[in-house]
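Okay, everyone, thanks for coming.

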Amino acid sequence: MTELDATDHAILDALRGDGGLNAKQVGDAVGLSQPAAYRRIRRLEADGVITGRALVVDAAKLGYGVTVFLGIKLAARGRTAMADFERTVISIPEVQLVQQVIGLYDYRLRVVAQDLSDFERILRRRIMTLPGVGDVESNVLLGDE
Amino acid sequence: MLDDTDRRILRQMQADPAASVATVAQRAGLSHAPCWRRIARMERDGVIKGRQILIDQRKLGLEVQVFLRITLDKTARNAFDAFIAEARTIPEVTAIQTLLGRVDIRMDVTARDLAHYQQIYRDRIMALPHILDLESLMLVSELKNTQAVPV
């Protein structure tokens, strides 16, 4: 675990609030000069605390009205196909999130689709055909609380 | 409405969110000023909502991440509202989402270690109102995590 001081945590808080802030704006928010803030952000990146940046888009405005969480269990015979399953599932563009978990399911996925019939197409053609796939459970996202 | 050029810009920005406008313009095959104007318009229209940093929770000393899947007792009046209001007060709960399907709610819980998680689970989660059933999935590894959508 990396040793982080209060200033590092303040920087992370500022960037959690708005990941688009530049070093100068982060410095202003936490009371550091631009070069000092820049050095600390660089160090947080080098230490792997900040692993990257992402563009946040409005999926609905881009025509993706439906988000579905999937729980996937590998078939008993599918366990040997884990590597194949993983390689194939992460390459599906509509699949935003793939997590290996312990519990009722082996993997959980977040999938975006244009609408429910589009989701049905993705489920049938892309998900159900994955190597080693067993039980699949879908829960449609209603709202973020 | 977005045209093909907008979509080309968005694809480049989703693939490399840290790239400068000049780089995005070059990769999308247009000059700097029109590219900048298109990005500004998409930001104004709310198509681009902003940028997010990705943080490795384990590097912050948060080793345990659990996803709870909860079924509520819908015979209780205001079960959803009462549950969500109470769940929001738990600092270790980092996300609450309502679902349509076999379960009603999913929640992300982050903890320092298993002992800490057990304490949160017993003292706070189990005390939440109107829970009928609760399943836990514990994160082993994350293979993909993106906000990007196909454009």
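**Domains, cores and the chain contact**

Let's start with chain A, which is divided into domain 1 (6-46) and domain 2 (60-140); the bounds come from an automatic or database domain assignment. The C-alpha centres of those two domains of chain A lie 36 Å apart.

Quick housekeeping. This is a predicted model, where local features need pLDDT of at least 70, side-chain atom pairs count only at pLDDT 80 or more, and totals for chains, interfaces and linings use all residues. Residues are numbered from 1 along each chain as its sequence is written, with chains lettered from A and ligands numbered from 1 in the order in which they are written.

Over to chain B, where the assignment gives domain 1 (4-44) and domain 2 (57-138). Their C-alpha centres lie 39 Å apart. UniProt, in an unreviewed entry, puts "domain: HTH asnC-type" at residues 2-63 of chain B; bear in mind that such annotations may be inferred rather than shown by experiment. That stretch of chain B is 53% helix and 13% strand, and its end C-alpha atoms are 42 Å apart. Helices (H or I, at least four residues) and strands (E, at least two) are DSSP runs, numbered from the N terminus.

Now, how do the chains meet? In the model, 51 residues of chain A are in contact with 46 residues of chain B, contact being C-beta atoms, placed from the backbone, within 7 Å. On the chain A side, β3(A) gives the most, with nine residues. By class, that side has 26 nonpolar, 13 polar and twelve charged residues; Pro counts as nonpolar here, and Gly as polar.

Last, the cores: sets of buried Ala, Val, Leu, Ile, Met, Phe, Trp, Tyr and Cys residues joined through C-beta atoms within 7 Å, where buried means 20 or more other C-beta atoms within 10 Å of a residue's own. The largest has 53 residues, and Leu70(A), Val111(A) and Val66(B) are among those touching the most other members. Strand β2 (residues 64-72) of chain B brings the largest share, six residues. Apart from that lies another core of eleven residues, including Ile11(A) and Ile53(B).

Conventions: Buried ≥ 20, exposed ≤ 12 C-beta atoms within 10 Å, placed from the backbone. Contact = placed C-beta atoms within 7 Å.
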